[in-house]
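Subject: Structure handover

Hello,

Here is the structure I promised to pass on. My notes follow below it.

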Amino acid sequence: MGILDYFCYAYLAFERRLKSLRTKALIDSENETEFLKLKKSHELLLARYDELLNNSSKIMYTSEILECLDDALLNAENELDILSPWVSGYVLSKKADRLKKLLEKGVVINIITGLNPNLLYRNSSIRAFYELERLQCEFPLLHIKRSDKTGGSNILLCDNRFYLITGFNLLGIDEEADAKEAGVRGQDPVRIKLLRKNFFSEG
């Protein structure tokens with residue numbers, strides 16, 4: 001359970017107990033002491049929650065976005081999820097070895113991507129998609145889903161460690177390209193869970 005999940009459960013538990021104490025016709029000294037302790041704990045929990053919200057995300061730009069992607073490709077331990085509007089053969093060729101190493105150590109990888117809408121680059125995109133499907137046959141932990149309706153979204157989820165939402169095409173733009181993009185990286189486990197459920201879960 002993440003810290004924000006814990007907050008929700010703890011908050012409700014505190015509220016129930018505080019309400020129980022308030023509704024007693026007479027509060028004896030023992031109940032009053034418990035009430036004051038719970039109230040103090042409740043205030044501390046609220047303060048911690050506000051601190052987490054204020055520090056759980058960071059605006060990033062192109063170079064930091066690429067560092068974030070490299071971090072995920074090098075250090076994912078359990079699950080890596082990537083949503084990218086389209087895939088480039090050149091970019092995939094540079095990332096393929098890292099993807100293979102993750103798969104070999106047992107990391108589940110989910111990739112949702114499509115084909116480049118620009119006809120000049122469509123063949124490269126098609127070749128890249130076939131390469132992904134070939135890797136999928138070799139590594140059952142790799143799950144590929146084709147979608148040409150991602151709406152320009154780019155989402156990266158690395159385990160339950162961090163998420164990245166950006167306009168930078170994670171699988172379609174090379175780091176050498178003169179692309180200026182921004183994104184938001186966060187560590188909120190509740191948001192990671194929601195993004196994984198809404199974009200990468202089956203059904």
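Start with a salt bridge: the side chains of D70 and K95 meet at 3.9 Å, N to O. A salt bridge here is a side-chain nitrogen of Lys or Arg within 4 Å of a carboxyl oxygen of Asp or Glu. D70 sits in helix α3 and K95 in helix α4, 25 residues apart, so the pair links distant parts of the chain. Helices (H or I, at least four residues) and strands (E, at least two) are DSSP runs, numbered from the N terminus.

Before going further, two notes on the source. This is a predicted model: local features need pLDDT of at least 70, side-chain atom pairs count only at pLDDT 80 or more, and totals for chains, interfaces and linings use all residues. Residues are numbered from 1 along each chain as its sequence is written, and side-chain values use heavy atoms, with hydrogens and water left out.

**Salt bridges**

D70 has another partner. R98 and D70 meet through their side chains at 2.8 Å, N to O. R98 is in helix α4 and D70 in helix α3, so this pair ties together parts 28 residues apart in sequence. K95 is buried, at 7% relative accessible area. D70 is partly exposed at 26%, and R98 is partly exposed at 28%. The cut-offs: buried is under 20% relative accessible area, exposed is over 50%, and partly exposed is in between (1.4 Å probe, protein chains only).

R196 forms a salt bridge with E79, with the closest N and O atoms 3.1 Å apart. R196 lies in helix α6 (residues 189-200) and E79 in strand β2, so the pair ties together parts 117 residues apart in sequence. R196 is buried at 13%. E79 is partly exposed at 22%. Shared partners join D70, K95 and R98 into one network. The whole structure has eleven salt bridges.

**Fold and core**

The chain has six helices and seven strands. Along the sequence the pattern is α-α-β-α-β-α-β-α-β-β-β-β-α. Of its 203 residues, 41% count as buried.

The largest nonpolar core holds 34 residues; L80, I109, I111, L142, L156 and L170 touch the most other members. Helix α3 (62-75) gives the most to this core, with six residues. A nonpolar core is a set of buried Ala, Val, Leu, Ile, Met, Phe, Trp, Tyr and Cys residues joined through side-chain atoms within 4.5 Å. A second, separate core has eight residues, including I112, L157, Y163 and L195.

L170 is worth a look. Its contacts (heavy atoms within 4.5 Å) include I65, L69, I82, V91 and L164, not counting residues up to four places away in sequence.

**Cysteines**

C137 is exposed, at 70%.

**One backbone detail**

D159 has a phi near 50°, a positive value in a residue other than glycine. D159 is in the loop between β5 (154-158) and β6 (162-166). D159 is buried, at 10% relative accessible area.

Best wishes
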